[in-house]
Amino acid sequence: MRLPLLSLLFLCWSQGWGQNVLIKGIARDTSREQSRVIIYVNDTLLRHTARWPSDEFPDSLETRQRIRSDKNLCHSTTRNGRFRMRVRLTDSLYFKSYRFVTQVHAVSDLVKRRRIRIRLAPEVCVPYVPPAPCPDTVGQHYAFIGRKVSVRRNLQKQPYYCNVLLLRDPQFEAEYELVERLYGNPGSDTIRFTAFDHYGFPKFAEYRHVLLFVSRYCSGLIHQKYQFFDVYRTTDGRWAAPYSSYDYERRDNDSSIRPVPISFAEPVVVDVSGGDSATIAKEYPAPYYRIENGKAIALYGNYIPELIEIKQRTVFNNRRIRFR
């Protein structure tokens, strides 16, 4: 009888340990106690916005908003700091507020308290010391067709400065295999560079082959922000990109570059089934695309020399950079 009895006790204990419990209390920061504290269940936000495998490309801003709207994952205190949430006994709660030190509490410990009062201490700031001037004002520039090896977010936290507010977009470390060198020679078969993106994961990382533009300055190799073309092999062995309304809108009127018919080795297809008709007509217009069964099939585009020229006459002209 001893073994069945022990099994029954273990079953009752495990069911109790996994049950939902009601946690309520007050959580505030220690400034003027006016900022709401965000409470995440376990490390939900970190796991969903920072530690993605290299072959997944979520929009971190969209993911963050989705998490914060899910009461099973995230709660926010009221104006007076009160919170009330039902969680599992095995969970941990992360209490966060901007520029305050995050506190982590196991639910199994919180339920033992008669009253729950969380007070977040401010982060310790450090004085900002401007870096020494960079003598390299020209820089070296590289244009190449690359194949992705890895693209990962840099999780290193920016220091909290006492005397200045520095706003920097999320930073990503990328490594690409050089499929074809077009401008400049980095001197290796692979290239590692840093990219910044305000909107989430870098868009260029979604594609297998991309025409990328990278510059070397004192701080290292930096991707020219947002500048790339997704490129594909053509039936005659060349590289080309499908027509981009975004780039042609910014092209100067004197340019003789026009979209030309492209015979891609494999169809270049974009899913537009969720788009509205006005957006589809603007971004995938005829005759450059054929719309068929919720798909936009590329028919026109440009080859590599014209693609570099388009960027040179638009974005890089404004940035005073020459890739030709």
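Tyr289 stands opposite Ala298 in β18, and this pair belongs to an antiparallel arrangement in which four bridges join β17 to strand β18 (residues 295–298). The model is a predicted one, in which local features need pLDDT of at least 70 and side-chain atom pairs count only at pLDDT 80 or more, while totals for chains, interfaces and linings use all residues. Residues are numbered from 1 along each chain as its sequence is written, and side-chain values use heavy atoms, with hydrogens and water left out.

The strands β17 and β18 are part of an open, antiparallel sheet of three strands in the order β16-β18-β17. Its edges are formed by β16 (269–271) and β17 (289–292), each of which pairs on one side only, and from one strand to the next the twist averages 25°, with axes taken as lines fitted to C-alpha atoms and angles running from 0 to 180 degrees between N-to-C directions.

A second open sheet has four strands with antiparallel pairing, in the order β3-β2-β5-β6. Because β3 and β6 (103–106) each have a single partner strand, they stand at the edges, and one side of each is left without a neighbour in the sheet. Neighbouring strands of this sheet are turned by 20° against each other on average, direction ignored. Within it, four bridges join β2 (residues 38–41) to β5 (residues 92–96) in antiparallel fashion, and Val41 stands opposite Leu93 in β5.

The loop between β3 (74–76) and β4 (82–88) holds Thr77, which counts as buried because its relative accessibility is 1%; buried means under 20% relative accessible area, exposed over 50%, and partly exposed in between (1.4 Å probe, protein chains only). A polar atom of the Thr77 side chain lies 2.9 Å from the backbone nitrogen of Val37. Leaving aside neighbours within four places in sequence, Thr77 is in contact (heavy atoms within 4.5 Å) with Ala27, Arg36, Val37, Ile39, Arg82 and Phe83.

Strand β1 (residues 20–29) runs antiparallel to β4 and is joined to it by seven bridges, with Val87 of β4 as the bridge partner of Val21.

Notes: Helices (H or I, at least four residues) and strands (E, at least two) are DSSP runs, numbered from the N terminus. A polar contact is a pair of N or O atoms within 3.5 Å; within protein, one must be able to donate a hydrogen and the other to accept it, and residues adjacent in sequence count only if both atoms are side-chain atoms. Two strands pair if DSSP finds at least two bridges between them.
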